Amino acid sequence: MQTVIKQTLLASALAAASVAVQADVNVVSWGGAYTASQQKAYADTWEGGKVNFVNYNGGLGEIRTQVESGTVTWDVVDVLPSEARVGCDEGLFEELDRSIFAPAPDGTPMDDDLMVPLPNDCVVPQIWWSYVPFYEEGTFSGDQPTTIADFFDIEKFPGKRGIHTWPNALIEMALVADGVAIADVYDVMSTEEGIDRAFATLDKIKDHSVFWSSGSKPLELVKSGEVAMSLAYNGRIGAAVLSEGEKFVTVWDGQVLEEEWLVLVKGAPNREEALDFLVHATATEQQAGQARHINYGPMRVSAFAVIEEGEPWFHNGKNIMEHMPNRPAVMERSVVANPEWWADYGDSVSERYTAWMGQ
Amino acid sequence: MANSEAVATPGVLLTADGTPLKVSLQKSLRRSKLRAMLLVLPPLLFLVFLFVLPIGNMLLRSIDDSLVNQVLPTTFKEFKAWDKTTDPPESLYAAFYTDITRTLEEDKLLVGKAGVRMNYDKPGWRSLIKISARKFKKVEGPPYKEAMIEIDKRWGEKEWWLSLGAMKDERTLGYFLNAVDKKYDFDKNIISVDENRKVYNLLWYRTLLVSFIVTIACLVLAYPVSYLLATLPMRFSNLLMICVLMPFWTSLLVRIVAWMIMLQQQGVVNDTLVGLGILDTENRLAMMYNFNGTVIVMTQILLPFMILPIYSVMKTIPPSFMRAAQNLGATPTLAFLRVYMPQTIPGVGAGCILVFIVAIGYYITPELVGGKDGRLIGNMVAYHMQRTLNWGLAAAMGTILLAAILILYWAYDKIVGVDNMKMG
């Protein structure tokens with residue numbers, strides 16, 4: 001009886017919701033230049049309906065609330081790697097029929113056209129982005145920082161460092177800076193001594209660190225001279241250089257690449273339209289098109305090839321490839337984040353990191 | 001009928017239609033009571049749905065551990081039979097295998113959810129459950145032990161099986177323990193977490209400390225301002241009142257950003273000090289993105305909550321009292337201390353309680369200006385709600401906060417008396 005009532009309520013809520021928004025697809029993303037690039041590359045080129053972009057700050061809290069209470073208003077969400085996994089495990093996302101998505105121009109199915117193995121059937125490709133160190137031209141006289149070890153070397157390159165308030169990527173970078181081979185990073189991290197070693201490296205910059213938690217902050221910190229070098233999302237640095245002519249220099253060494261996926265929320269009010277939107281957005285052409293507006297690397301191999309051939313690709317006529325985090329030239333010195341590891345150990349490392357920050 | 005009864009009992013007053021007056025009166029009273037009830041019904045429903053139910057839900061979540069027990073009932077039965085000193089027996093492996101395969105058939109999602117929950121107690125459970133669930137289909141058992149170790153070598157390690165001990169009951173205090181840097185061992189003894197993972201006690205301490213400092217700072221700043229507001233001639237005090245209220249009406253974020261511009265190391269204050277030669281450029285003060293930043297900004301933001309109640313109380317104190325005290329021979333200081341100040345206590349109490357309670361659960365300011373050591377417990381609650389999805393832990397921390405506020409309120413009632421409090 002209770003389930004009948006629940007389902008009736010759910011159905012009426014869904015009906016009401018879909019009437020109310022007239023089948024516009026609600027796409028939830030991160031805002032700023034990133035959402036703008038999705039708007040231009042995916043929404044403006046889509047003829048299946050209108051797209052409402054909604055901003056959020058990440059995390060699954062809101063989605064879980066919507067799904068558990070049966071009042072889902074979001075359709076498509078742009079999620080980070082560990083959320084993509086936990087959300088699918090928890091049943092917050094719908095598992096998608098893989099056959100509806102467009103293959104690459106050469107006929108490769110979408111799931112084989114990705115730069116990383118597909119984690120589950122809930123997700124479809126979005127982008128690759130990275131945590132990477134950068135500084136402003138002219139900050140250092142003489143030698144310029146070129147390696148991730150330089151970022152952790154206060155004596156050689158004096159000045160404050162900007163780092164974020166959560167441990168992702170920092171643990172990996174600290175280990176690479178300490179001499180761990182990139183291929184071994186996650187093996188080392190899986191031991192207690194490995195984590196100790198990472199924190200020992202982080203200790204070297206702790207007293208010289210300014211902590212940031214929003215993506216625009218590191219650019220302000222570096223621009224104002226508050227810090228000499230900072231970690232940042234590569235897209236933010238690229239956007240400042242490509243669109244605003246800032247003189248930021250990215251240190252392409254020891255960056256940590258992270259996945260970004262699109263998912264369909266379970267019980268999405270505009271499911272059919274949302275699916276159609278996802279098919280459109282994940283096609284090679286649209287994936288490549290997004291890079292006209294932001295320097296995040298497309299997840300689809302075929303889209304990457306399109307950009308490479310189309311240079312100068314950025315919308316204002318500049319070359320984009322040198323700002324792509326997943327271009328072949330830098331891949332050798334990049335850590336590809338292991339979201340499975342983070343989904344398992346993220347909470348416990350975060351606790352330790354928070355303790356470390358506050359001590 | 002009523003009529004004949006009334007006749008039978010003389011002396012009872014009757015209304016025009018013959019019903020006893022008492023009955024008729026009660027009836028009309030009941031009607032007006034009902035009407036009054038109807039009037040308070042909307043706020044009552046509002047309270048129930050938006051306050052009582054969510055808080056009840058939060059309290060329940062903070063001790064609920066039924067999910068894992070729903071997924072692994074036979075495993076926990078076998079776990080209790082196991083002596084924990086020898087290697088886990090085949091029966092335990094078999095029970096786990098059947099529990100998982102049964103749940104997979106009934107509701108696949110429960111397995112994933114259970115894995116996420118188990119990961120809180122021991123990092124790694126999530127992937128272990130996930131890998132196992134995927135590969136259990138191919139297991140041809142019994143025996144299951146070797147097959148499971150084949151799937152993932154962790155199944156051969158005793159520690160994973162032992163960690164089940166902390167989850168074996170439907171109700172758990174585990175989340176509360178977690179919120180104060182403690183945990184259960186496999187036998188449900190309470191032990192401390194590793195030294196380098198202790199974070200919550202520090203945050204509780206810091207939250208109380210910040211709230212306390214902010215309350216005192218607000219009081220010290222607000223008292224003279226309120227006094228001026230209450231005693232200045234109208235045209236000055238109006239202007240001053242606008243100065244107090246203007247920030248109150250300004251967006252929180254705008255004020256926080258303004259403080260960032262003022263206080264950061266390359267900010268206005270530091271630049272001025274360096275420009276005047278008071279500071280070397282190397283020794284610029286760190287007033288932002290740390291503990292100091294949180295205290296300074298929160299003090300400014302919460303100041304009106306202190307000024308307004310104190311002002312409203314001071315406004316009611318007749319100036320003649322002070323004059324009378326001085327007429328009777330008190331010095332101005334003594335008159336202020338003995339006559340004026342005691343009368344402002346209700347306002348001071350209200351202001352302090354208000355500021356402290358708002359400060360103890362503060363979230364957005366510490367998030368933006370807290371940096372490394374200025375973040376509070378509220379930030380942790382939000383973090384667990386939004387990021388880790390560990391709602392049990394978030395609920396436990398919320399419950400502790402609620403309890404702290406209730407205790408504070410109780411203590412205030414004992415010391416000052418709540419009836420004394422004046423909100424304005």
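Visitor: Which residues is B:Lys168 in contact with, leaving aside its neighbours within four places in sequence?
Guide: B:Lys168 is in contact with B:Asn69, B:Phe76, B:Phe79, B:Lys80, B:Phe186 and B:Lys188; contact means heavy atoms within 4.5 Å. A word on the ground rules: this is a predicted model, where local features need pLDDT of at least 70, side-chain atom pairs count only at pLDDT 80 or more, and totals for chains, interfaces and linings use all residues. Residues are numbered from 1 along each chain as its sequence is written, chains are lettered from A and ligands numbered from 1 in the order in which they are written, and side-chain values use heavy atoms, with hydrogens and water left out.

Visitor: Where does B:Lys168 lie?
Guide: In the loop of chain B between helix H9 (158-162) and helix H10 (174-179). Helices (H or I, at least four residues) and strands (E, at least two) are DSSP runs, numbered from the N terminus.

Visitor: Switching to the interface, how many salt bridges does the rule find between chain A and chain B?
Guide: There are 7. In one salt bridge, the side chains of B:Lys130 and A:Glu340 meet at 3.1 Å, N to O.

Visitor: How many residues of each chain are in contact there?
Guide: 43 residues of chain A touch 40 of chain B.

Visitor: Last one: is A:Ser334 buried or exposed?
Guide: Buried, with a relative accessible area of 5%. A:Ser334 is found in strand E11 (residues 334-336) of chain A.

Visitor: What does the side chain of A:Ser334 make a polar contact with?
Guide: The side chain of A:Gln255, at 2.8 Å. A polar contact is a pair of N or O atoms within 3.5 Å; within protein, one must be able to donate a hydrogen and the other to accept it, and residues adjacent in sequence count only if both atoms are side-chain atoms. Leaving aside neighbours within four places in sequence, A:Ser334 is also in contact with A:Ile182 and A:Leu257.

Methods:
A salt bridge is a side-chain nitrogen of Lys or Arg within 4 Å of a carboxyl oxygen of Asp or Glu. Buried means under 20% relative accessible area, exposed over 50%, partly exposed in between (1.4 Å probe, protein chains only).
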